[in-house]
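Welcome! Have a look at the protein shown here, then work through the exercises step by step.

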Amino acid sequence: MVRIGEDQVRRVKEATDIVQVMSEYAAVRKSGKNFVCCCPFHQERSPSCYIYTEDPSYYCFGCKAHGDAISLVQKKENVSFVDAVEILARRAGITLVLQEGPAGNRGERDALVAAAAFATSFYERCLWEAPEAADARAYLESRRLGRASCERFRLGWSLGRGSLVDAARRKGLDLALLAKLDLTVDRDGRLTDRFYERVMFPICDRFGNPIAFSGRLLPAAEKAAKEAGRGVGKYVNNTDTPLYQKGHIVFNLHRARTAARDAGRLIVMEGPTDVMAADQAGYAECVAVLGTALTPEHARQLNSVVGDGRLILLLDGDRAGQTNALKGIRTCLAVGAPVKVAILPDELDPAELLAAGDTVTPEAKATFERVLAGARSDVDHLLRTVAPRPYDLDREALVAAVDEVLGSVRPMPDEEQRRLAAHEVAEWFNVPRDRMEKRLAEGPAPRAPAAPPAEDAPPAEIPLPKLDNAQDRILQLLVARPTLRPIAADEHGLEPSHVPPPWDTLLGHLLMQPEDDFHAVQSAATTADPRLGDAVGRLARTPLVPRGAAPPEDADLRHELALQVRTLRRGLLRTAIHRLGVAIQDAERARDMVKLKALFSERSALQREERDLG
Ligand SMILES: [Zn+2]
């Protein structure tokens, strides 16, 4: 164990302004002789966390979190007591004298950091000097990653074939350290390099020390491997080591931290080259998670840098709906780290957009800013991915989609945020808010496990799209009573498009051929779609009135038809109005005023029509 003497801890504490430290995690304002802020440990909108300067400490009246500057850093940065003191000491410009305890690992840590630094320099030298790295240099150039940028990020090239091991031996470095860093492998008792022929991206700790690597295969090698049927990863990352846990470390966070606070946003990109391209173009507030999906630990850490919805996930358009992106969003929701999701247009990735280096155009920057400004809320993105066209879903699919989204909302730690998210879901699916809140509280009904299909079962027939009650009843009335058909069309404005395909074929036939009897209708329906033929049979077999009731009068049926068609048309209008509402939101986000105006006028026309029907 490493120890820090009491006197040194006291010195650091005295030199530290807790208000300033807290300001890195929350917006602090003065209140009387103390300070207040929204608690950095729980989601809230009005400040309940007090910072006392007399006996420097903080206390949250909401979640009871409390402590001094050291415990604040410990909890927010997820580091040990010693590391927290070290962080504060650096801030205050104090050099600590650490004492090695009996079971010391500080010594080993330092040795590992030194070994990683040695490997980084070796890889760097190879990249810029080795003839074998010519392709790598050409690749970086083709990605328009300039030498200055590559040097800033300390990119390298792994030659492989034991070159790192040899260099370490010559230098007299303990090879066991490289093994612990996962930079060597044992091949039949012979120690050799783990990484070979890859561009090396160092991953740094919060002080900027390289502690691990992500190695990228060159495109040509990637293609060759694919053709040879060898499965190799485009990126290979370190396994966890004593210095590095991939669930914790974020590429470029050590540099992005300050920039993100200044810019008021932290952008999470997909890969290290994206981050570098953005950095070249002047966006230093970008990071990437490497070698794993976003973990809860990442989410907490990133949120602690900016917080309060200023964390932006930037996704490639073609991958925006992918499982990994959705998983990342769910992880953020579950730990109470609100994110926004910005999606690049299909044909662009950030590296391509911004990689022009010094010559990056104002247009490219404007595009980038526009994409970021159009970022949507996490829940909004989930809704659009899970159910892009809510109005097209039949009831069963709607319930499934609602449950899928609520499944991501339910773990949100803050009750108020959870309720607001449920309202967003309700609006999207056009369901009353209180019903959505209820469903959120209840959880989905347990589903009976589907019986596995029998081995030689015939392929299940695809069922016809479900009709709602009004649609079903109207078709039934029109099949049973040919005299109602002209009335439905002429007096009530019923049209084939008022039912979904292929039902529209049947309805069209009924309205166009009012004189056809049941057999003629059924045979025409069967010709169009055998399933429709069966459906006509079912409609005809269903009694028009409950068994035992008096046979229906024609006048009653006419009256009922009028009501049913009105119900149907109002339902369709409401769906169309809701759909326009979604399009209006999109146009508002895109600030497309021309489209917005057209949509508004279309919507008010439909709203008028709906009122007239009522
Ligand atoms: Zn709190």
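How far apart do the C-alpha centres of domain 3 and domain 5 lie?

**Solution.** Start with the ground rules. This is a predicted model, in which local features need pLDDT of at least 70 and side-chain atom pairs count only at pLDDT 80 or more, while totals for chains, interfaces and linings use all residues. Residues are numbered from 1 along each chain as its sequence is written, and side-chain values use heavy atoms, leaving out hydrogens and water.

Next, find the domains: domain 1 covers 2–100, domain 2 covers 105–244, domain 3 covers 255–386, domain 4 covers 397–442 and domain 5 covers 466–614. These bounds come from an automatic or database domain assignment. Between the C-alpha centres of domain 3 and domain 5 the distance is 46 Å.

**Exercise 1. Describe how helix 3 and helix 4 cross.**

**Solution.** Step one is to find them: helix 3 spans residues 69–77 and helix 4 spans residues 81–92. Helices (H or I, at least four residues) and strands (E, at least two) are DSSP runs, numbered from the N terminus.

Step two is the geometry. The two axes come within 9 Å and cross at roughly 110 degrees. Axes are lines fitted to C-alpha atoms, for helices over the stretch in contact, and angles run from 0 to 180 degrees between N-to-C directions. Helix 3 and helix 4 are therefore roughly perpendicular to each other. Here, angles under 35 degrees count as roughly parallel, over 145 as roughly antiparallel, 65 to 115 as roughly perpendicular and the rest as oblique.

Step three is the hand: helix 3 and helix 4 make a right-handed crossing. A crossing is right-handed if the near helix is turned clockwise from the far one by less than a right angle, and left-handed if anticlockwise.

Step four is the contact (heavy atoms within 4.5 Å). Helix 3 brings Ala 69, Ile 70, Val 73 and Gln 74, and helix 4 brings Phe 81, Ala 84, Val 85, Ile 87 and Leu 88. In this contact of helix 3 with helix 4, eight residues are nonpolar, one is polar and none is charged. Ala, Val, Leu, Ile, Met, Phe, Trp, Tyr, Cys and Pro count as nonpolar, Asp, Glu, Lys and Arg as charged, and the others, Gly among them, as polar.

**Exercise 2. Which strands stand at the edges of the five-stranded sheet?**

**Solution.** First, read the order: this open sheet runs 2-3-4-5-6, with antiparallel pairing. Two strands pair if DSSP finds at least two bridges between them. The edge strands are strand 2 (28–31) and strand 6 (66–67), each pairing on one side only.

Now follow strand 2 to its partner. Strand 2 and strand 3 (residues 34–37) are joined in the antiparallel sense by four bridges, and Arg 29 has Val 36 in strand 3 as its bridge partner. Strand 2 and strand 3 form a hairpin with two residues between them, and Gly 32 in the turn has a positive phi of about 65 degrees.

Tyr 59 has His 66 in strand 6 as its bridge partner.

**Exercise 3. Trace the packing of helix 17 against helix 14 and helix 18.**

**Solution.** Begin with helix 14 (residues 323–334) and helix 17 (residues 378–386), which pack at an angle of about 145 degrees with their axes 10 Å apart. Their crossing is left-handed. Leu 326, Ile 329, Arg 330 and Leu 333 in helix 14 meet residues of helix 17, including Leu 382 and Val 386. The contact of helix 14 with helix 17 holds six nonpolar, two polar and two charged residues.

Then turn to helix 18 (residues 395–409), whose axis comes within 10 Å of that of helix 17 and crosses it at roughly 150 degrees. That makes helix 17 roughly antiparallel to helix 18. The crossing of helix 17 and helix 18 is right-handed. Leu 382, Leu 383 and Val 386 of helix 17 make the contact with Ala 401, Glu 404, Val 405 and Ser 408 of helix 18.

**Exercise 4. Where is Pro 502 found?**

**Solution.** Look in the loop between helix 22 (484–490) and helix 23 (503–512). The peptide bond from Pro 501 to Pro 502 is cis, with omega near 0 degrees.
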